[in-house]
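I opened this entry to look up strand pairing, ring contacts and charges over rings. The notes follow in the order I checked them.

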Amino acid sequence: MKKFILITTVASVISGSAAFAKTEGNIVGLNILRASASNQYQKSGSIAANYSKFDDSAIGFGASYKYAFNFNQIFVAPGVFFDKLGLKAKDQDGDTVSSSYRYGAKADLGYDVTEDFSAYLTAGVANTNYKVDWKTSEEKKSGTKLGYIAGVGVAYKVAKNLIVSLEYNMQSPTFKTPDHGGINEVKSKIKVAQIGVAYNF
């Protein structure tokens with residue numbers, strides 16, 4: 001009888017541990033985001049003092065895929081993402097700097113605090129599309145810029161395969177301008193706050 005009770009207790013503990021809802025497997029997500037950008041003209045890395053910072057914010061959307069590996073409630077989740085930023089800031093002359101979208105790869109490092117709640121850090125690289133449109137001088141410069149991205153987030157499992165998440169991340173790319181003799185750069189600080197819904201399988 002004692003042996004039976006001991007076996008039952010051990011089995012119960014093992015089954016309870018196995019039932020812990022870990023962050024693992026495929027995670028496909030859709031996000032609604034609020035993006036903002038603060039831009040500053042520069043001349044070869046030095047701030048252009050005759051131009052003040054100019055900002056913009058926009059509501060956008062995104063999609064992501066990652067695969068989570070779990071090691072005793074600590075997880076690593078590498079993946080890829082796409083964000084539609086929709087940013088277009090005007091300087092004091094009415095000229096614009098746009099950041100339409102970005103895509104890239106990053107990895108989350110997190111911890112399952114409870115069966116349903118987790119917190120994580122995220123870092124990676126993003127290739128950001130941009131266009132500098134100097135209408136006053138009829139010059140344009142466009143392209144993409146690769147740069148680092150970093151942030152923090154939390155996630156909550158609202159159902160067996162459904163996750164709701166909040167994330168905040170930042171990126172600081174430097175874009176080229178049409179003029180290579182004077183102001184030849186735009187330093188942009190892009191910040192994104194997003195809420196997402198993901199399917200975990």
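**Strand pairing**

I began with strand 3 and strand 4 (residues 74-90), which pair in the antiparallel sense over 9 bridges. I note that the model is a predicted one.

Next I looked up the pairing of strand 3 (residues 54-71) with strand 1 (residues 25-43): it is antiparallel, over 15 bridges. In it, alanine 35 stands opposite alanine 58 in strand 3.

**Aromatic rings**

I counted 7 aromatic pairs. One of them joins tyrosine 130 and phenylalanine 175, stacked at 4.4 Å centre to centre with 15 degrees between the planes. The two residues are 45 apart in the chain, with tyrosine 130 in strand 6 (residues 117-134) and phenylalanine 175 in strand 9 (residues 174-176). I checked burial for both tyrosine 130 and phenylalanine 175, and both are buried.

I then took tyrosine 199 and phenylalanine 201: the ring centres are 5.6 Å apart and the planes stand at 25 degrees, under the 30 degrees cut-off, so I logged the pair as stacked. Tyrosine 199 is partly exposed, at a relative accessible area of 46%.

I also recorded one aromatic cluster, formed by Tyr41, Tyr51, Phe54 and Trp134.

**Charges over rings**

I found lysine 66 over the face of tyrosine 120, 5.1 Å from the ring centre. I also found the charged end of lysine 106 over the ring of phenylalanine 81, at 5.2 Å from its centre.

Note on methods. Residues are numbered from 1 along each chain as its sequence is written. This is a predicted model: local features need pLDDT of at least 70, side-chain atom pairs count only at pLDDT 80 or more; totals for chains, interfaces and linings use all residues. Side-chain values use heavy atoms; hydrogens and water are left out. Two strands pair if DSSP finds at least two bridges between them. Helices (H or I, at least four residues) and strands (E, at least two) are DSSP runs, numbered from the N terminus. Rings of Phe, Tyr and Trp (its six-membered ring) pair if their centres lie within 6.5 Å; planes under 30 degrees apart count as stacked, over 60 as edge-to-face and the rest as tilted. Buried means under 20% relative accessible area, exposed over 50%, partly exposed in between (1.4 Å probe, protein chains only). A charge sits over a ring if NZ of Lys or CZ of Arg is within 6 Å of the ring centre and within 35 degrees of the ring normal.
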